[in-house]
Amino acid sequence: MSTVSYKDAGVDIDAGNQFVENIKPIVKSTFDRNVIGGIGSFAGAYELPSGYRQPVILGATDGVGTKLKLAIDSGIYDTVGIDLVAMCANDLICNFGTPLFFLDYYAMSKLEIDASVSIVKGIAEGCLQAECSLIGGETAEMPGMYHGKDFDLAGFAVGIAEKDEMNRLPHVKAGDILIALPSSGVHSNGFSLVRKLFFDKLGYTFETEFNGQALIETLLTPTRLYVKLFKALKSHINALAHITGGGIVENLPRVLPEGLQAHVYMSKIKTLPIFDFMSRYVDESEMHRTFNMGVGMILVVSPENVDTVLNNSDGYVIGELKTGTRCALMLP
């Protein structure tokens with residue numbers, strides 16, 4: 001009986017080593033002065049920044065969901081890494097955490113070096129936009145678990161916050177104004193419904209023109225990162241809500257104390273063309289509990305700070321807080 005190698009089983013160690021060499025300069029481009037050591041150790045190391053009175057470490061993890069299926073089928077790999085970072089980093093800032101570093105987990109059936117490097121470039125770009133360092137990751141060839149070109153991505157972001165700044169509920173009061181920060185598109189939620197509608201029900205292709213470009217370009221537009229804007233406006237914000245799966249109706253109440261409700265005026269929301277189109281085929285309530293509808297982040301702001309926030313962002317007012325049962329009311 002002839003011998004069997006790991007490569008015969010579907011795992012190419014040499015390709016893995018080459019991949020690591022190819023991504024070293026990409027990963028290193030995200031390093032800041034707090035990164036200790038280089039690439040290739042058993043764990044990444046990051047020195048805590050000074051200047052915090054009561055520092056608390058925060059962690060967030062997420063994936064990209066079935067948006068990955070569009071990347072796989074289209075062969076466009078350079079944007080989903082940005083989505084991965086954004087879904088984690090945007091959560092951190094909602095607890096007033098500043099992202100410090102990021103790690104990824106990337107699993108596939110067979111390592112294809114060019115596609116994998118493109119994915120890591122996207123992750124690095126996301127880290128640069130989030131002003132955090134990519135200090136480690138895991139790449140796993142798993143034949144039998146994944147098939148063909150299928151792969152999955154997960155991400156882990158670590159941030160730092162002052163202990164007395166994390167709980168935003170005491171800062172949120174009746175009369176506060178709700179300011180929407182626009183999303184860049186569908187972001188990374190609801191893609192099972194997106195795929196069902198466009199490709200199964202309507203029979204569209206990736207090349208179908210939508211709003212002046214190929215549909216796939218619209219759908220793979222990466223999730224917007226709000227970290228830099230948060231840092232610039234932090235002292236003028238009472239709370240932030242990242243609008244992800246569940247939409248405004250499920251995510252905004254997470255930043256409200258008992259006895260307060262959000263009045264969101266749908267007529268004020270600047271919906272994007274992709275959502276206007278889908279609304280022809282999907283019930284309004286389903287749209288609002290699945291998608292961000294063009295609002296990627298909602299800021300809760302005291303009335304005296306509204307002008308400052310509006311003048312230093314692309315935000316706009318969509319509602320206010322009033323006394324009542326804790327919830328988000330979607331009003332005309």
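**Notes on pockets, cavities and selected residues**

1. I began with the second largest pocket, which has a volume of about 330 Å³. Closest to its centre, of the 18 residues that line this pocket, are Cys94, Asn95, Leu240, Arg254 and Val255. A pocket here is an open set of points on a 1 Å grid over the protein atoms alone, with protein on both sides within 12 Å along at least five of seven lines; a cavity is a set where a 1.4 Å probe fits but cannot get out, and lining residues have an atom within 4 Å of a point. Grid points are joined across faces, edges and corners, and a volume is the space filled by probe spheres set on the points.

2. Before going on, a word on the basis. This is a predicted model, in which local features need pLDDT of at least 70 and side-chain atom pairs count only at pLDDT 80 or more, while totals for chains, interfaces and linings use all residues. Residues are numbered from 1 along each chain as its sequence is written, and side-chain values use heavy atoms, with hydrogens and water left out.

3. Which elements supply at least two residues each of the lining of the second largest pocket? They are helix 3 (80-93) and strand 10 (239-242), and strand 10 gives the most, with four residues. Helices (H or I, at least four residues) and strands (E, at least two) are DSSP runs, numbered from the N terminus. By class this lining divides into eight nonpolar, six polar and four charged residues. Ala, Val, Leu, Ile, Met, Phe, Trp, Tyr, Cys and Pro count as nonpolar, Asp, Glu, Lys and Arg as charged, and the others, Gly among them, as polar.

4. The largest pocket has a volume of about 710 Å³. It is lined by 29 residues, and Val20, Ile23, Gly137, Glu138 and Thr139 are the closest to its centre. At least two lining residues each come from helix 1 (13-28), strand 4 (98-108) and strand 5 (133-141). Strand 5 has the largest share, eight residues. The lining holds 16 nonpolar, nine polar and four charged residues.

5. The largest cavity holds about 100 Å³ of space, and among the residues that line it are Tyr77, Tyr106, Ala115, Lys149 and Phe151. Strand 4 and helix 4 each supply at least two residues of this lining, which has five nonpolar, three polar and four charged residues.

6. Alanine 115, one of the residues lining the largest cavity, is found in helix 4 (residues 113-130). Is alanine 115 buried or exposed? It is buried, with a relative accessible area of 14%; buried means under 20%, exposed over 50%, and partly exposed in between (1.4 Å probe, protein chains only). Lysine 149, also in that lining, is 34 residues from alanine 115 in sequence and 9.8 Å away in space, C-alpha to C-alpha.

7. The second largest cavity contains about 40 Å³ of space. Its lining includes Ile93, Leu181, Tyr226, Leu240 and Leu299. Helix 8 (227-233) and strand 12 are the elements that give two or more residues to it, with the largest share, three residues, coming from helix 8. By class the lining has ten nonpolar, no polar and no charged residues.

8. Strand 7 (residues 177-182) is largely enclosed by the rest of the structure, because five of its six residues are buried. Strand 7 runs antiparallel to strand 12 (residues 295-301), and six bridges join them; two strands pair if DSSP finds at least two bridges between them. Leucine 178 stands opposite valine 300 in strand 12. Strand 7 also pairs with strand 13 (residues 316-323) in the antiparallel sense, over four bridges, and there isoleucine 177 has glutamate 320 as its bridge partner.

9. Lastly, two residues in helices. Histidine 288 lies in helix 11 (residues 284-288) and is buried, with a relative accessible area of 10%. Leaving aside neighbours within four places in sequence, histidine 288 is in contact (heavy atoms within 4.5 Å) with residues including Ile248, Met266, Met293 and Met330. Leucine 310, in helix 12 (residues 306-311), counts as partly exposed at 26% relative accessibility.
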